[in-house]
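Please look over the sequence and the model shown here before reading on.

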Amino acid sequence: MLPIVYDYTLEDWQQWVKAQGEPAFRAGQIFDWLYVKRAMSFEEMTNLPKSLRAKLQEQFRFVALEELARQESKDGTVKFLFGLSDGNAIETVIMKHNYGNSVCVTTQVGCRVGCTFCASTLGGLKRDLAPGEIVAQVVKAQKALDASGQRISSIVVMGIGEPFENYDATMKFLRIVNHDKGLNIGQRHITVSTSGIVPNIYRFADENTQINLAISIHAPNDELRSKLMPVNRRFPFADLIQACKYYVEKTGRRLTFEYALIGGKNDRVEHAEELAKVLSENLPLPLVHVNLIPVNFVMERNYTRTPRDEIFEFQRTLQKYNVNVTIRREQGSDIAAACGQLRAKHMDAKAR
Ligand code: SF4
């Protein structure tokens, strides 16, 4: 299959135009058409010679993210179900915050990591996304906002899939969306979340970027974490904590720990105390931030939500130990915005 136009960094385009015998500035023009003017076809690129447009047409394709469904929440959250050219479907979500719009992108079709509270993993992993298929989600989301003059100002790589299992594509995606001649989304406004693929936490620490990292920890010890997240059997808790330590020492950056509270499983005061102890014994607390996520009901798993007062008690317990902690604001609850739910519904309908 032909490469996708969004697969290329500006440097890739520079090499490509050089190979076509074209002047270097053409690369900048192509990049500008893709990310600033947000053209959706080569014909629109009217300041390029016809012959060059023909070459582009022959050698590249625009990724067709077909909008299969769009759900809009009262709080402004917009969730898209996009169809890919091979018939698979992925989700992308725009969230509105008081500091701007963020987009949550998908990096894989399905996921093999198997977190027990997650609908995205129920059908396993179908395939990795190409870098351009991840970039295209941001372009599509930005196009949806263009009419109202709004901008995507931040990105969270927390949609379907484990980005560190599709590491190279994810890193290329990040370079493309961050480029100041393109979408220009600042590194400090991008967060990548991993379930704990330990070798790639080390790799990411060594990348020397300002991009934020979040670790889905969800349990304070090995035994419980293995029950909730099978990935913990591949990369045990102690190894994960060591990798986090390396990341913080190497980068000096704050590390976020995502903790999904699941009713009766990992939400007791003892769990909060154990978590506070592990974090404070291994990491400098000013560089630690815990984000509590009251889990969405997953029918297939029969998980229930932690009652409100217990969520606050969990938070207070962490605070008692000087751990920075917030509770994630719920968004899009009226449209079932939990990751993977819209896609799961779509797969069900297809199977019937
Ligand atoms: S939470 Fe993320 S890593 Fe875990 S199964 Fe779901 S998509 Fe995969």
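## Strand β3 and its burial

Strand β3 is mostly covered, with seven of its nine residues buried. The model described here is predicted.

Glu91 is found in this strand, which spans residues 89–97. With 25 other C-beta atoms within 10 Å, Glu91 counts as buried, because the cut-off for burial is 20 or more. The UniProt record, an unreviewed entry, places the feature "active site" at Glu91 and Cys339.

## Pairing with strand β2

Strand β2 covers residues 78–83 and runs antiparallel to β3, to which six bridges join it. In this pairing, Phe82 stands opposite Ile90 of β3.

The two strands, β2 and β3, form a hairpin in which five residues lie between them. Gly87, located in the turn, has a positive phi of about 90 degrees.

## Pairing with strand β4

β3 also pairs with strand β4, residues 100–104, in an antiparallel arrangement joined by five bridges. Lys96 has Asn101 in β4 as its bridge partner. A hairpin is formed by β3 and β4, with two residues between the strands.

## Surroundings of the ligand

The residues around the ligand are Cys111, Val113, Gly114, Cys115, Cys118, Ser120, Thr121, Ile160, Gly161, Glu162 and Ser195. By residue class, this shell divides into five nonpolar, five polar and one charged.

Conventions:
Residues are numbered from 1 along each chain as its sequence is written. This is a predicted model: local features need pLDDT of at least 70, side-chain atom pairs count only at pLDDT 80 or more; totals for chains, interfaces and linings use all residues. A residue is near a molecule or strand if its C-beta atom, placed from the backbone, lies within 6 Å of it. Ala, Val, Leu, Ile, Met, Phe, Trp, Tyr, Cys and Pro count as nonpolar, Asp, Glu, Lys and Arg as charged, and the others, Gly among them, as polar. UniProt positions are given in the numbering used here, feature names are shortened, and annotations may be inferred rather than shown by experiment. Helices (H or I, at least four residues) and strands (E, at least two) are DSSP runs, numbered from the N terminus. A residue is buried if 20 or more other C-beta atoms lie within 10 Å of its own, exposed if 12 or fewer, and partly exposed in between; C-beta atoms are placed from the backbone. Two strands pair if DSSP finds at least two bridges between them.
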